[in-house]
Amino acid sequence: MRFIILTTFPSMYESFLSSSIIARAIEKKLIEVKIVNIREYTLDKNHRTDTPPIGGGAGLIMKCQPIVDALKASSSPNSKKIIMSPRGKVFNQKIALSLSKEEEIVILCGHYEGIDERVYSYFDEEISIGDYILTGGETASFVIIDAISRLVNGVINNDSIKEETFNNDLIEYPQYTEPYEFDNKCVPDILYSGNHRVIEKYRHKMSLGYTKKYRPDLFKKLKLSKTDLKLIEQFENNKLSDEELKAIEKGKKFTKNH
């Protein structure tokens, strides 16, 4: 996977690309990120990439020429070309999964008050990361690169991807660490049962319940089976199933005997 970032502020990427999972993925050559400084392509005698809008108005608008020339010089014909734009479709996990199948993605980071409208015809689509205002598209591109990169084969463990939030429109189930009790709050006994089939079902129940509680918008999208409906009822009544109670009891006996 190769990312090509068109930006007027390349220094913003130094820390992002040298940290955590992204840095390791680059080191292993699983992903490549090329930062292209749009300023290097301007023909303006003062090296500007922006200008006041024609017809008047506040702020500055990014010019066509340096952006288009930077795009043509840096990308291949088959690359997926994206503009970070507030009018684009809102980015989500399904879009990330789709884009992770591309070999090369070009991302144009807007800045100032906008981009010359004629630039959009050179790109395939526009993407927004939410209905709020950012100084520029650079910080939005961090989100896109991070979300897509972790779906590239080998970047992170495949099992981790399957269980994450927003896969299948479900919030991830709650996770715990040692100690068993902290500040009078305990880890659910079912997680100590050793019965992985029952634990998996319990976690699915918690994912369903958490999605309904915290993200009703996602919950409405779910196609629920009879088993799912029963699990949600258990969640809402804070009730363990007979199967879970038996697994807990058996787990306790196993612990005592060993």
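This is a predicted model: local features need pLDDT of at least 70, side-chain atom pairs count only at pLDDT 80 or more; totals for chains, interfaces and linings use all residues.
Reader: Hello! What is the relative accessible area of lysine 80?

Author: Residues are numbered from 1 along each chain as its sequence is written, and side-chain values use heavy atoms, leaving out hydrogens and water. Buried means under 20% relative accessible area, exposed means over 50%, and partly exposed lies in between (1.4 Å probe, protein chains only). Lysine 80 falls in the partly exposed class because its relative accessible area is 21%.

Reader: Which residue does lysine 80 meet in a salt bridge?

Author: A salt bridge here is a side-chain nitrogen of Lys or Arg within 4 Å of a carboxyl oxygen of Asp or Glu. For lysine 80 the N to O distance is 3.2 Å, and the partner is glutamate 125.

Reader: How many residues apart are lysine 80 and glutamate 125?

Author: Helices (H or I, at least four residues) and strands (E, at least two) are DSSP runs, numbered from the N terminus. Lysine 80 belongs to strand E5 (residues 80-90) and glutamate 125 to strand E7 (residues 125-128). Glutamate 125 counts as buried because its relative accessible area is 15%. The pair links distant parts of the chain, with a separation of 45 residues.

Reader: Thanks! How many salt bridges does the count come to?

Author: One of them joins arginine 118 and aspartate 116 at 2.7 Å, N to O. Another joins arginine 150 and aspartate 146 at 4.0 Å, and Arg2, Glu32 and Glu104 are linked in a network. By this rule the count of salt bridges is 16.

Reader: On to the rings: what is the angle between the planes of tyrosine 13 and phenylalanine 142?

Author: Rings of Phe, Tyr and Trp (its six-membered ring) pair if their centres lie within 6.5 Å; planes under 30 degrees apart count as stacked, over 60 as edge-to-face and the rest as tilted. Tyrosine 13 and phenylalanine 142 are 5.1 Å apart, centre to centre, and form an edge-to-face pair. The angle between their planes is 85 degrees.

Reader: Why does the pair of tyrosine 13 and phenylalanine 142 tie together separate parts of the sequence?

Author: Both residues are buried, and ring pairs link Tyr13, Phe16 and Phe142 into a cluster. Tyrosine 13 is in helix H1 (residues 13-17) and phenylalanine 142 in helix H5 (residues 137-149), so the parts tied together are apart in sequence by 129 residues.

Reader: Which residue lies over the face of tyrosine 120?

Author: A charge sits over a ring if NZ of Lys or CZ of Arg is within 6 Å of the ring centre and within 35 degrees of the ring normal. Phenylalanine 9 has arginine 39 over its face, at 5.4 Å from the ring centre. For tyrosine 120, at 4.0 Å from the ring centre, the residue is arginine 87.

Reader: Last one: which residue does a cis peptide bond join to glutamate 178?

Author: Omega of this bond is about 10 degrees.
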